[in-house]
Amino acid sequence: MSSSILPPSETAGKVPAPPVAPTELNFTLSPIPKNPLGEGRYIKTAGALIIGDEILNGKTLDRNSNYFARFCFELGIDLKRIEVIADDEEEIIEASQKMVEKYDFVITSGGIGPTHDDITYASLARSFHQELSYHTDTLARMEESIRQRPSFSQQNEEQHIARKRMALFPHAAEVLFVASDIWVPVVRLEGKLCVFPGIPSLFQKMLDNLKPFLPLPPPEARPCRLQVFTHLPESYIAPYLTTLQKRVNSEGIRIGSYPLLQHGVYVSLIGVNRERVRELTEEVEKEIQGRTVSDEEAEAKRRSSGA
């Protein structure tokens, strides 16, 4: 008998039962697949396709491309292109085909929700000549994740169908479950193109957890970046940096200068040969009267100066 229909004498003084805590999600991860690029090959180049009208009209700030750029740099992947496009089927088709043709690893971000304008999966299915079909395991994980969320139990049939759209994938795609506490998978097409949600926290966690599923460059192929800060104006150090870049071009070392208005200049040296980069950094310090700084210090300085 429910306490709501007990006589007052039997309900008086009773302490309400504490709410039941939701069960912690613990989904099984996907097995690590074979190298989609072929045995012995690894990712060298990448591209990012950021999809969403809200990015282009300024409503939403795109954080995912910056996170992806850092991800690629730290792993030694050469990010070649970042493209932002509207929620438009023809644009998604054209851009995705070009990127998959050119690059080893491509990501899309955004456009995979339950609403009418989330068309990424449907557009990519058409791009790579596939039909859409519901993925049974994804549907089951979706239902498990929302079982204890009361708001979803009140949804009508139309709302339920809209939610299921998030498990409607190109039928030949790989479906990679990369996190035990997230029901949303990374959907991979052509062994290269990985589809991510646009929510930054979800995007970042899923991207980081995708690492074991990717044929990443070996540690010795990953670059070293050192930065030197100087108070000298950029015009003063420009001739030296121009000469230096010509001198080290054949060594695959890149020199960049990044001024902070009325503060000074950061000079960046990037190369795979760590010892050579350190050697050149010492030279640069002397030539431009600067000092080597960490990436964290440089980033904090840029933010404080509004750069």
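Please keep in mind that the model is predicted.

Let me begin with strand β8, which spans residues 193–196. Is this strand covered on its faces, or open? Both faces are covered. Leu193 and Val195 are buried on one side, and Cys194 and Phe196 are buried on the other.

Strand β8 has partners to consider. Strand β3, residues 105–109, runs parallel to β8 and is joined to it by four bridges. Within that pairing, isoleucine 107 stands opposite cysteine 194. Strand β7, residues 186–189, runs antiparallel to β8, with three bridges between them. Here the bridge partner of cysteine 194 is arginine 188. β7 and β8 form a hairpin with three residues between them, and glutamate 190 in the turn has a positive phi of about 60°.

Arginine 188 leads us to the salt bridges. How many salt bridges does a search of the whole structure find? The search finds 17. In one of them, the side chain of arginine 188 meets that of glutamate 174, at 2.8 Å from N to O. This pair links distant parts of the chain, since arginine 188 is in strand β7 and glutamate 174 is in strand β6, residues 174–176, 14 residues apart. Arginine 188 has a relative accessibility of 2%, so it counts as buried. Glutamate 174 is partly exposed, at 26%.

Another salt bridge joins the side chains of glutamate 143 and arginine 163, at 2.9 Å from N to O. Because glutamate 143 lies in helix α6, residues 136–146, and arginine 163 in helix α8, residues 157–164, the pair ties together parts that are 20 residues apart in sequence. Arginine 163 is buried, with a relative accessible area of 7%, whereas glutamate 143 is partly exposed at 28%.

A further case lies within one helix. Glutamate 275 and arginine 278 form a salt bridge, with their closest N and O atoms 3.1 Å apart. Both lie in helix α11, residues 274–288, three residues apart, which is about one turn of the helix. Glutamate 275 is exposed at 56%, and arginine 278 is partly exposed at 38%.

Finally, I turn to the surface. Asp53, Asp88, Glu91 and Asp117 form a negative patch there. Of these, glutamate 91 is placed in helix α4, residues 89–102. A nonpolar patch is formed by Leu56, Ile82 and Val84, with about 240 Å² of accessible area together. Valine 84 belongs to strand β2, residues 78–85, and is partly exposed at 33%.

Methods:
Residues are numbered from 1 along each chain as its sequence is written. This is a predicted model: local features need pLDDT of at least 70, side-chain atom pairs count only at pLDDT 80 or more; totals for chains, interfaces and linings use all residues. Side-chain values use heavy atoms; hydrogens and water are left out. Buried means under 20% relative accessible area, exposed over 50%, partly exposed in between (1.4 Å probe, protein chains only). Helices (H or I, at least four residues) and strands (E, at least two) are DSSP runs, numbered from the N terminus. Two strands pair if DSSP finds at least two bridges between them. Patches are made of residues with over 30% relative accessible area and no salt bridge: like charges are joined within 9 Å, nonpolar side chains (Val, Leu, Ile, Met, Phe, Trp, Tyr) within 5 Å. Accessible areas come from the Shrake-Rupley method with a 1.4 Å probe; for residues, only the protein chains shown count as cover. A salt bridge is a side-chain nitrogen of Lys or Arg within 4 Å of a carboxyl oxygen of Asp or Glu. Lys and Arg count as positive and Asp and Glu as negative; His and the chain ends are not counted. The place of a charge is taken as NZ of Lys, CZ of Arg, CG of Asp or CD of Glu.
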